[in-house]
Structure formats: C-alpha cells, structure tokens
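My notes follow in the order I took them.

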Amino acid sequence: MRYIPHTEDDIARMLRVIGKPSVASLFEHIPERLRVKRPLDIAPLDEGSLLAHLGELGAHNRPAVGATARDGAALSFLGAGLTPHTIPSAVDALLMRSEWYTSYTPYQPEISQGTLQAIFEFQTIVCELFGLGVANASMYDGATAAAEAVLMARRITGKHRALITPGLHPHYLQTINTYLAGVADHASESHKIGADGRAGLQGIAAELERKDDVACVVVQTPNFFGVVEDLKKLGELAHARGALLVAVNTEPAAFGVLAPPGALGADIAVGEGIGLAIPPSLGGPGVGLFAAKSEHMRQMPGRLVGETVDKDGRRGYVLTLATREQHIRREKATSNICTNTGLIALAFTIHLSLLGKRGLTEMAQLNLAKAEYAKQLVSSLRGFSLAYAGPTFNEFTVKVRGGDAKKIADALVERGVYAGVPANAPGLLTGHEDQLIVAVTERHSKADIEKLAKSLDEVAS
C-alpha cells in the first residue's frame with residue numbers, strides 16, 4: 001500500500017476540530033527562544049564534557065517527583081490515573097537480563113522464546129488480576145485499551161453506542177471519543193453522580209431503557225475521584241439490556257483487596273499498569289492491560305501468545321492469535337495496533353511476580369490503611385471535607401477551604417509538597433474548582449501524611 005500523507009484539506013479539517021488556526025499554533029506554548037531553529041547550531045562536546053553539561057541541566061529540575069520527602073526529595077501525593085509505587089531494585093536487575101531479549105519479533109518462535117515467554121507470563125498475571133479467561137500481549141496504555149474495549153463491544157453485540165459512567169478519567173473519555181469519531185456517534189456520558197461519588201444506578205438504568213443500541217457500559221473502579229464503584233449492580237443493569245460491562249482500572253494494586261472485575265460481572269476489563277512497572281515519566285510510556293471472557297477471544301485487539309510443545313515434547317511459546325490488519329485481511333481485522341509495550345509489560349510482570357499474591361495483598365492493605373489515615377486527618381481540618389462519601393482505596397477527593405484547589409496546590413508546590421491533582425486541572429474536568437484528588441501509597445510514611453495535612457491547613461488559612 002502506498003504511503004499517502006495528509007492533504008491540505010485533511011490538515012484543515014483536523015485543525016478545525018481542535019480549534020487551532022495552523023500547525024504552527026500547536027507549538028505556541030513553547031517560548032520562541034526554546035523552539036528548534038534549523039540548521040541546528042550545536043557546539044560539539046566530548047563525552048565527559050557532555051555528561052557534565054547534562055548534569056548541570058539536570059540540577060535545575062525539582063528533585064524526584066513521586067518520591068517521599070526524604071533526602072531532600074519533593075513530597076508527592078499525585079495520582080489521578082498514574083499513582084507511583086515502590087519499585088524494587090530487583091525489577092531493573094532482572095529486566096536487563098539477556099534471556100528476555102531475542103533478536104527477532106515473535107513471528108518466528110524458534111528464535112524469539114525470550115520475548116514470547118515474557119508476554120505469556122504477562123498475560124497470565126493480567127488474567128489473574130482481572131479474574132477473566134484471556135488477556136492480550138498489552139496495549140499502548142490504559143486510555144487506548146479502553147477505546148479498543150468499546151470497539152470490541154460494538155463488534156460482539158452489533159450495537160453502536162457506549163454509555164460512559166461519570167467517574168471515568170477525562171483523558172480516557174477523550175480517547176474513546178477520538179476512536180469513535182470516524183465510525184460512530186461519540187460515547188454517551190451519564191452526568192449523574194451520586195453523593196457517594198458513584199455512578200447513579202437509577203440514571204444508568206433509565207439511559208439503558210431509553211436507548212436500545214447500547215453496546216457497553218464503561219465504568220472505572222476505583223473511579224477518577226477514587227471511589228470504588230458497584231460493578232455487580234452495573235453489570236446486572238447492562239446485561240439485562242443486552243449490553244456488555246467494560247471495567248476500567250488505573251490502579252491494579254487495588255485488586256489486592258478488591259474482588260476482580262471478572263468475578264463481579266465484567267465482560268472486558270482494561271487498565272493502566274505503569275505505576276507498578278516504572279517511575280512516572282512525562283508522556284509515557286504506559287502499559288495497557290486488556291482482558292476479556294474467553295468466548296470473546298477472537299474479537300480482542302492485538303495479539304495473543306500461547307504455550308505449546310516442540311517436536312521433542314519441550315515446552316515452548318508461540319504467537320497464537322494476531323488479529324491486526326498486517327496479519328489478516330483488513331476487513332477481518334479487529335484493530336490496527338502494531339505492537340505491544342514489551343519492556344514496560346515485562347517490568348510489570350517481574351514486579352507482580354516478586355510480590356506474589358500475598359505480597360500484593362499486603363501492599364494493598366498498606367495503601368488502604370495509609371489513605372484512610374490521610375482521609376481522616378485532611379477531612380478534619382477546618383473548612384475541608386470529603387467530596388464524596390463512597391468507599392475508596394488509596395485515593396480520595398477533598399473539598400478545600402476557600403474553594404480554590406488549584407491555588408492551594410500551586411502554593412504547596414513552592415514548599416516542596418505536591419498535595420494532589422486539582423479536579424479541574426487543564427485537560428480534566430470543568431467545574432469542581434474546590435476539589436483536590438489525593439493519592440496515598442505504601443511510599444508515604446506517617447510523618448509524610450501529617451506534613452501534608454499541616455501544609456494544607458497553613459496554606460489555606
């Protein structure tokens with residue numbers, strides 16, 4: 001197939017959709033002095049001088065966002081879709097072992113057993129986490145996994161609409177709508193959220209009753225506000241109307257204490273695993289988790305690795321299913337996803353293998369206990385309160401004194417404390433100006449949590 005670049009009309013149409021006058025305007029937020037000018041005017045440096053120069057530049061960064069406040073690092077309670085955890089040093093040590101790296105992609109199993117086994121073990125762990133029968137070799141990230149799940153539900157049911165519960169991460173909703181823009185109406189979002197922070201069951205039931213073309217109900221748990229949704233009841237409502245339940249999760253550690261989505265009626269479960277794989281980094285990479293009931297295997301996007309034996313009876317791994325358009329006729333393909341995030345998926349797999357079931361449960365219990373302590377301290381401050389009464393895991397939303405969460409969060413950054421994510425931060429929600437989303441994990445000490453509460457109280461005074 002010939003490569004056909006975007007035409008001028010294509011570019012103009014895309015610019016109209018995003019409300020920009022030109023391609024150049026996409027870069028206007030970058031100061032003029034920092035924009036690349038060609039030809040590049042870069043003085044050559046020897047290796048030692050270059051490393052020293054990079055060290056000088058790095059010294060200007062704020063230290064270790066995502067770490068706790070030891071050794072001069074910033075104290076971070078950031079989450080809202082990417083909550084970092086303690087990654088054992090053994091993960092990097094094992095990740096770099098040559099056994100995992102093979103000289104070719106998985107299409108030729110005789111020379112790619114390392115890569116294939118890594119994918120197979122990853123799939124197994126995702127199946128166990130989500131309580132479903134089959135998982136794929138990973139997706140780009142959680143948001144694109146959610147969008148692919150909606151497309152998969154459309155294929156399975158023959159229906160067209162996705163009903164989105166209000167606690168879905170805004171970035172995930174935007175990604176789903178982008179995927180659907182070329183093939184269907186945008187997703188239909190239910191705007192009614194209860195005082196407990198959960199999807200309003202009556203509102204969802206009414207939406208399903210009014211619309212007979214709903215392919216799936218998409219629900220995130222714990223949701224964007226940190227509240228654990230009632231998957232069982234949502235699944236019953238969806239199934240009664242011939243729709244599938246798609247469960248979304250951005251914090252897999254939660255399933256150390258929560259029942260897996262598959263056990264509660266989810267037909268498809270997707271998520272983001274980067275927090276258990278590598279430290280957060282601006283722009284990614286992520287690792288999309290994707291699992292489904294076994295009967296839906298042939299409608300899954302991406303590829304699937306299976307276990308077999310060779311002619312001598314020795315165990316081996318092969319690419320069992322590949323449903324992307326490169327491998328089969330385009331009209332039969334389920335997706336055009338071209339790869340999987342192998343390195344991050346392997347780091348995720350190694351970490352979960354080191355934890356084991358008991359270790360994951362213990363980590364989850366620590367998260368839950370520390371978050372509950374933080375909820376108690378912060379909500380007891382004068383003028384602060386919990387925004388929602390529903391049960392949470394390691395993240396919760398508070399209403400701040402004075403009603404301006406962004407102002408308080410910005411002020412605390414100057415003190416070396418990242419208190420959380422304002423719900424109305426750019427690209428997130430409109431309204432919700434008084435709401436701050438706070439994430440607490442095993443990384444935080446009792447002193448860290450108490451410092452957060454004390455800092456919030458002082459800044460909001």
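I listed the contact between H5 and H6 in this predicted model. From H5, I noted Gly 142, Ala 143, Thr 144, Ala 146, Ala 147, Glu 148, Val 150, Leu 151 and Arg 154. Their partners in H6 are His 171, Tyr 172, Thr 175, Ile 176, Tyr 179 and Leu 180. I sorted the residues of this contact into nine nonpolar, four polar and two charged.

Next I looked up the geometry. The axes of H5 (residues 142-157) and H6 (residues 170-180) come within 8 Å and cross at roughly 45°. H5 is therefore oblique to H6. I recorded the crossing as right-handed.

I then turned to the cores. Which residues have the most contacts inside the largest nonpolar core? I found Phe 122, Val 126, Leu 129, Phe 130, Leu 289 and Phe 348, in a core of 47 residues. The elements giving two or more residues to this core include the helices H3 (89-95), H4 (113-130), H7 (201-210) and H8 (231-240). Strands S5 (214-220), S6 (244-249) and S8 (288-292) are also among them, as is helix H9 (342-379). H9 supplies the largest share, 10 residues.

Leaving out residues up to four places away in sequence, Phe 130 touches Phe 255, Pro 260, Pro 261, Gly 262, Ala 269, Val 270, Gly 271, Leu 289 and Ala 291.

Last, I noted a second, separate core of 32 residues, with Ala 145, Leu 151, Ala 162 and Leu 180 among them. I had already listed Leu 151 and Leu 180 in the contact of H5 with H6.

Technical notes
Residues numbered from 1 in each chain as written. Predicted model: local features only at pLDDT ≥ 70, side-chain atom pairs only at ≥ 80, totals over all residues. Heavy atoms only, no water. Axes fitted to C-alpha atoms, helices over the stretch in contact; angles between N-to-C directions. Helix = DSSP H or I, 4+ residues; strand = E, 2+ residues; numbered from the N terminus. Parallel < 35°, antiparallel > 145°, perpendicular 65-115°, else oblique. Left-handed = near helix turned anticlockwise from the far one by under 90°. Contact = heavy atoms within 4.5 Å. Nonpolar A, V, L, I, M, F, W, Y, C, P; charged D, E, K, R; others polar. Core = buried A, V, L, I, M, F, W, Y, C linked by side-chain atoms within 4.5 Å. Buried < 20%, exposed > 50% of the residue type's maximum accessible area, 1.4 Å probe, protein only.
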